[in-house]
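Subject: Structure handover

Hello,

Here is the structure I promised to pass on. My notes follow below it.

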Amino acid sequence: METGSSTPAGSEENFEDFSDGTVDYQEVEEEENKHSIIQEIRNELSPEGASSSNGFKKSESFASVRSKDFCESMEDLDVSPDDYFHDKEWIQKRKHIFILSSAGKPIYSLHENEGKLATLCGTLQALVSFVQANNDTITSIVADGIKFVFLIRSSLILVAATRDNIAVQQLQMQLNDVYNQILSTLPHMTKIFEKRQNYDLRKQLAGTERLIDHLLVNDTSNKKITNNVFTTLTNTVQVLPLSTAMRNNVTSAIQNNCSKIRDLVFAVLIANNKLIVLVRMKKYSIHPADLRLIFNLIECSESFKTAESWTPICLPKFDMNGYLYAHVSYLADDCQACLLLLSVDPNVFFTLSDAKKKITEKLRRSHCLEAINEEMNNRGVNLRTIGIPEMRHFLYKCKVSAQLLCAELTHPYSSPSEFDRLYSIYCDMYHRIHNNLRPLKLIYHVGEKELVLAWVAQAYELYAVFEPTIDKNLVIKLVNKLVRWVEKEQDILFIKNHPNF
Amino acid sequence: MKAIEAKVVILGSEGVGKTSIVTRYLKNVTSSDQGPTISASFFSCKLYLDGVKVKLQVWDTAGQERFRAVAPMYYRNANAAILVFDLSQHKTYRDLKMWAQELQRNVQDPMILTVVGNKLDLHATRTVSREEAFLFASSIGANYMETSALNEQGLNQVFLRIAEGLVRLANENKSQTLRRYDSSNSISAYSNVFADDDQAFHLPSVHLGIPVEEGDVHSSDVGRLETPSWSIDHIAHGSVETTGWCCY
Ligand SMILES: Nc1nc2c(ncn2[C@@H]2O[C@H](COP(=O)(O)OP(=O)(O)O)[C@@H](O)[C@H]2O)c(=O)[nH]1
Ligand SMILES: [Mg+2]
């Protein structure tokens with residue numbers, strides 16, 4: 001256990017002061033066993049305390065292993081072909097994600113049936129344990145032009161394989177998101193494996209694959225064109241623009257109807273993958289990665305629209321050892337914003353259901369539902385309307401709040417292949433900026449099809465894409481114009497602080 | 001007694017039609033498929049039986065394997081359970097036995113149990129026979145009914161029969177958890193959007209134990225609406241005093 005003090009383990013990665021110069025790498029390193037926050041809240045609320053339920057053991061550290069030996073041994077391995085190895089289409093997929101148990105049992109594959117990948121998974125597991133035998137941990141290898149990136153967690157091995165030039169950290173971030181997604185539905189996974197190392201986790205994962213697939217949306221096979229994929233890349237969330245007055249109305253509607261509910265930890269209101277309001281229990285905060293899991297769950301689950309739901313959910317960054325209980329419902333038939341009320345008490349459904357009704361009534365009376373509806377179809381900043389048509393697209397990351405503002409995706413990036421190229425450009429820029437060995441402050445890159453500028457300022461990071469022929473001085477002028485516009489509108493575009501109940 | 005309020009839980013494997021049964025019964029869904037249920041959704045509805053207002057708090061649950069770990073939170077203190085299988089998928093029928101055992105082990109209070117064979121419209125490809133399912137239902141002291149959520153067949157009967165059982169349970173005063181009220185206005189604590197009085201289901205008053213229609217057990221006329229599957233004779237068998245934790 002990391003700490004026995006009463007400081008919540010989440011506090012060092014507050015949503016508010018989440019700034020991440022070198023965070024990408026820490027991201028994957030920080031999964032050490034945490035103090036059970038849920039237990040702590042329960043104890044605090046009822047001094048006698050419920051029985052403690054954390055007993056998870058975990059000790060993993062990351063060492064970057066990329067010695068020549070491993071690449072060679074990879075090639076030496078006599079891999080007898082699985083069925084899919086003959087499948088051209090399968091082999092040519094741009095990216096593969098595999099999950100296997102530490103015993104080498106296939107659990108999940110992004111493309112096609114993991115059941116047929118026994119040989120491949122056995123090989124991957126052999127690689128992992130070969131390195132582990134030397135008290136080291138494999139991070140990545142390159143074999144035959146394919147980059148394999150590993151993330152090793154207690155009981156699971158996650159592997160990404162791609163021919164693309166994507167940074168190892170980026171892939172590890174994605175694997176980590178996938179791991180968190182699994183924990184989110186199965187926090188007791190480690191316990192299952194402790195009891196039976198050979199357990200077939202696939203049974204338990206039924207229904208979760210859908211969520212994992214959706215997390216990995218930025219794959220070419222998925223033809224969706226959306227700014228949502230950039231939140232994972234930049235470790236942020238998007239915010240629904242709303243006037244300060246309206247947002248305050250929403251906040252106080254939630255506060256007024258929830259302040260007496262003792263076990264309520266978070267209230268989260270979202271619409272179209274964007275955050276509207278987050279209200280939290282004093283001292284506790286929610287990590288953007290956990291918020292993204294919530295967004296992912298809501299986006300994948302049409303059934304929440306039918307009726308109120310009551311579902312246990314684990315937010316791994318908050319407390320990876322236990323469930324929060326979420327009352328999930330859409331505000332009203334005529335306002336498709338989704339409210340989640342997260343409690344540590346499994347028995348408060350009706351209390352929360354009642355609170356939700358009152359919140360909706362209040363929001364209706366104060367015309368907040370209309371205001372939310374109006375913004376709901378907002379697909380990003382329209383660069384024409386703000387007078388910067390020469391800029392094709394941008395990502396603006398507010399560092400202190402870990403929030404992302406994007407331009408609307410328009411021509412030429414509204415076709416799947418061009419969007420995919422844009423995504424690769426941003427990936428590349430992001431990782432050149434955040435290179436652990438040589439972090440950069442400014443990149444000005446003139447490519448064949450576009451001109452890209454990446455710029456890290458004190459308070460924000462900006463990635464902007466222009467016509468390739470544009471003049472340098474004009475670029476600077478336009479970037480300044482954009483930055484000034486964002487500053488002027490910042491109270492509407494970003495949420496500066498998350499109030500308490 | 002003027003009113004009762006009961007908790008009803010719907011259990012069964014994923015895809016057997018649990019959500020369809022409840023949403024079609026409540027007719028509150030315009031589009032048909034909502035995808036898999038996450039953990040559990042809540043519905044509430046009211047029925048009137050012989051002047052007694054019966055309010056049902058219905059928990060429609062997810063059928064996935066991992067749901068089993070959290071299922072107790074939904075069936076705890078339930079007064080009735082609907083165990084649904086897909087009569088064209090034998091495995092879903094076998095899965096029901098697991099749920100029945102789990103309830104038997106973990107719910108102490110008497111409970112109204114109903115086994116429902118859904119997707120009656122697929123009767124051409126059925127793999128579970130009526131006799132088999134009926135015998136199983138009897139063995140656990142449950143009613144057996146067949147429905148087609150797709151064609152909205154038999155749904156009213158399921159809920160009506162449950163309401164009748166609950167009224168009987170309340171009259172016998174055997175249940176600790178079943179809430180009884182002497183005024184029909186007292187159930188307002190957790191009103192639900194679907195349960196406003198103007199939307200409530202006023203069903204014709206039906207005497208306990210009387211089948212809605214005679215002779216349906218011999219009928220293969222699946223096209224007819226609201227076909228109850230079993231005659232009074234069968235139900236009488238089903239109500240033979242069994243384990244004591246379950247009535248009807
Ligand atoms: N043919 C047929 N299909 C049905 C019936 N009831 C439900 N379904 C279909 O079965 C699938 C699963 O239904 P759903 O209600 O989500 O099942 P649940 O997982 O048990 O809640 C959906 O595609 C439904 O349209 C029925 O009575 N007949
Ligand atoms: Mg369902």
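From the N terminus on, chain B runs β-α-β-β-α-β-α-β-α-β-α-β-α-β. That gives six helices and eight strands. Helices (H or I, at least four residues) and strands (E, at least two) are DSSP runs, numbered from the N terminus.

Some ground rules. This is a predicted model, where local features need pLDDT of at least 70 and side-chain atom pairs count only at pLDDT 80 or more, while totals for chains, interfaces and linings use all residues. Residues are numbered from 1 along each chain as its sequence is written, chains are lettered from A and ligands numbered from 1 in the order in which they are written, and side-chain values use heavy atoms, with hydrogens and water left out.

Chain B overall

Chain B has 248 residues, and 57% of them count as buried. Buried means under 20% relative accessible area, exposed over 50%, and partly exposed in between (1.4 Å probe, protein chains only). Among the contacts in chain B with a separation of 6 or more, 77% join residues 24 or more positions apart. Contact means heavy atoms within 4.5 Å.

Helix pair in chain B

Look at α3(B) (residues 90–106) and α4(B) (residues 130–139). Their axes come within 12 Å and cross at roughly 5 degrees. The two helices are therefore roughly parallel to each other. The cut-offs are under 35 degrees for roughly parallel, over 145 for roughly antiparallel, 65 to 115 for roughly perpendicular, and oblique for the rest. Axes are lines fitted to C-alpha atoms, for helices over the stretch in contact, with angles from 0 to 180 degrees between N-to-C directions.

On the α3(B) side, the contact uses H90(B), Y93(B), L96(B), K97(B) and A100(B). On the α4(B) side, it uses E132(B), A133(B) and F136(B). K97(B) also has its charged end over the ring of F136(B), 5.5 Å from the centre. A charge sits over a ring if NZ of Lys or CZ of Arg is within 6 Å of the ring centre and within 35 degrees of the ring normal. In chain A, K472(A) lies over the face of Y444(A), at 5.1 Å from the ring centre.

Aromatic rings

The whole structure has 24 aromatic pairs over all chains. Rings of Phe, Tyr and Trp (its six-membered ring) pair if their centres lie within 6.5 Å; planes under 30 degrees apart are stacked, over 60 edge-to-face, and the rest tilted.

W310(A) and Y325(A) form a tilted pair, 6.2 Å centre to centre, with 35 degrees between the planes. W310(A) lies in β9(A) and Y325(A) in β10(A), so the pair ties together parts 15 residues apart in sequence. Both residues are buried.

F42(B) and W59(B) are tilted too, at 5.1 Å and 55 degrees. F42(B) is in β2(B) and W59(B) in β3(B), so this pair ties together parts 17 residues apart in sequence. F42(B) is buried at 2% relative accessible area, and W59(B) is buried at 4%.

Elsewhere in chain A

In α2(A) (residues 37–45), I37(A), I38(A), Q39(A), E40(A) and I41(A) are buried. The buried residues of this helix pack against β7(A) (264–271) and β10(A).

R438(A) sits in the loop between α15(A) and β14(A). R438(A) counts as exposed, at 58% relative accessibility. From F349(A), R438(A) is 89 residues away in sequence and 51 Å away in space, C-alpha to C-alpha.

Best wishes
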